[in-house]
Amino acid sequence: MSDTEIEGVSADATEASPIVIYFATQLKRLRGDKGWTQEQLGKRIRYTAGMVGMVETAKRVPSEKFVLTCDKVLDAGGMLADLWPAITRDSYHDWFRPFVELEAEAVSIREFEVQVVPGLFQTEDYARAVLSAAWPPPAPEDVERQLAARLERQKILDRTNPTAPLLWVVLEESVLCRPVGGRDVMVDQLKHLLEMAQRSHVRLQILPFSKGAHAAMDGAFTLLETGNRDRMLYTERPGSGQVTSDADEVAKCDQRMSALIGLALSPEESIDQLATRIGET
């Protein structure tokens, strides 16, 4: 069996989302237009006929590789490829999707994190280690599907300025100390943070242990601002998350963020701290 056979994730056809069903319908139509059987298409894209059949009946959510390869082989002109971002959104929990949609539209994102490198900054191996550590343990195919969705989110940082959002992140020093995925994975992650910290639209600050108690001892949060000046707050707890536009709640966390920025190392000092941590890891 090809290694690509594990790339999708099973889904009951009766529970498949509209976008997955629509992709399945279009795939079957385009294959029919070519006059190909499922086996003939499978040979061209290096998947089995069984995998093609499961995708066409919406019993399997396709991987990005499957989607892009089908688009090319079937001469879809980008029609199938354009569906991939919507397909990835099906990988998110219902409570997380509103945040992802706002994140993609934001002109400013300010985040404080105490446990883990923020999703927008995670390397592939680091993200895989984080997702694999969930409880109860997820199936490998579920991890890969969520990983693809997380990497898709990061594309907002590669948009040409000035459309890329201003991203201002304060990280507790504990984030740098926790060896997620082992030494090699962590070193690569710290190097990636260092690279990200030097981008023109990114401000990264480290909050050292030595600063003691601070204004956000009760947890992480994210503040977002859209192009029309709407301001939102996102907070998370195990198994759920919430977006709110309540002015009082947003204002309180805005003040917290200002206090954290003032207490943390400067962006320049934080870059030096990252470089030192890489040498010590």
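Reader: Which residue's side chain meets that of Arg31 in a salt bridge, and which helices hold the two partners?

Author: In this predicted model, the side chains of Arg31 and Glu56 form a salt bridge at 2.6 Å, N to O. Both residues are buried. Because Arg31 belongs to helix α1 and Glu56 to helix α3, the pair ties together parts that are 25 residues apart in sequence. The partner is thus Glu56, and the helices are α1 for Arg31 and α3 for Glu56.

Reader: Is Asp75, which meets Lys34 in a salt bridge, buried or exposed?

Author: The side chains of Asp75 and Lys34 meet at 2.5 Å, N to O. Asp75 sits in the loop between α4 and α5 while Lys34 is in helix α1, so the pair ties together parts 41 residues apart in sequence. Lys34 has a relative accessible area of 33% and is partly exposed. Asp75 has a relative accessible area of 57%, and since exposed means over 50%, Asp75 is exposed.

Reader: Why does Ser17 count as buried?

Author: Ser17 lies in the loop between β1 and α1. A residue is buried when its relative accessible area is under 20%. Ser17 therefore counts as buried, with a relative accessibility of 18%.

Reader: Which residues are linked with Arg128 in a network of salt bridges?

Author: Arg128 and Asp125 both lie in helix α7, 3 residues apart, about one turn of the helix. Their side chains meet in a salt bridge of 3.2 Å, N to O. The network that includes Arg128 also links Glu124, Asp125 and Glu144.

Reader: Which element gives the most residues to the largest nonpolar core?

Author: The largest nonpolar core has 37 residues, and Phe121, Leu167 and Leu193 are among those with the most contacts inside it. Elements giving two or more residues to this core include α6, β3, β4 and α12. The element that gives the most, with 8 residues, is α10.

Reader: Which strands are the edge strands of the open sheet?

Author: The open sheet is formed by 6 strands in the order β5-β4-β3-β6-β7-β8, with mixed pairing. Within it, β6 and β7 run antiparallel and are joined by 4 bridges. An edge strand here pairs on one side only, and the strands concerned are β5 and β8.

Reader: At about what angle to β3 does α6 run?

Author: Helix α6 lies across β3, β6, β7 and β8. The angle of α6 to β3 is about 125°.

Note on methods: Residues are numbered from 1 along each chain as its sequence is written. This is a predicted model: local features need pLDDT of at least 70, side-chain atom pairs count only at pLDDT 80 or more; totals for chains, interfaces and linings use all residues. Side-chain values use heavy atoms; hydrogens and water are left out. A nonpolar core is a set of buried Ala, Val, Leu, Ile, Met, Phe, Trp, Tyr and Cys residues joined through side-chain atoms within 4.5 Å. Buried means under 20% relative accessible area, exposed over 50%, partly exposed in between (1.4 Å probe, protein chains only). Two strands pair if DSSP finds at least two bridges between them. Contact means heavy atoms within 4.5 Å. Axes are lines fitted to C-alpha atoms, for helices over the stretch in contact, and angles run from 0 to 180 degrees between N-to-C directions. A salt bridge is a side-chain nitrogen of Lys or Arg within 4 Å of a carboxyl oxygen of Asp or Glu.
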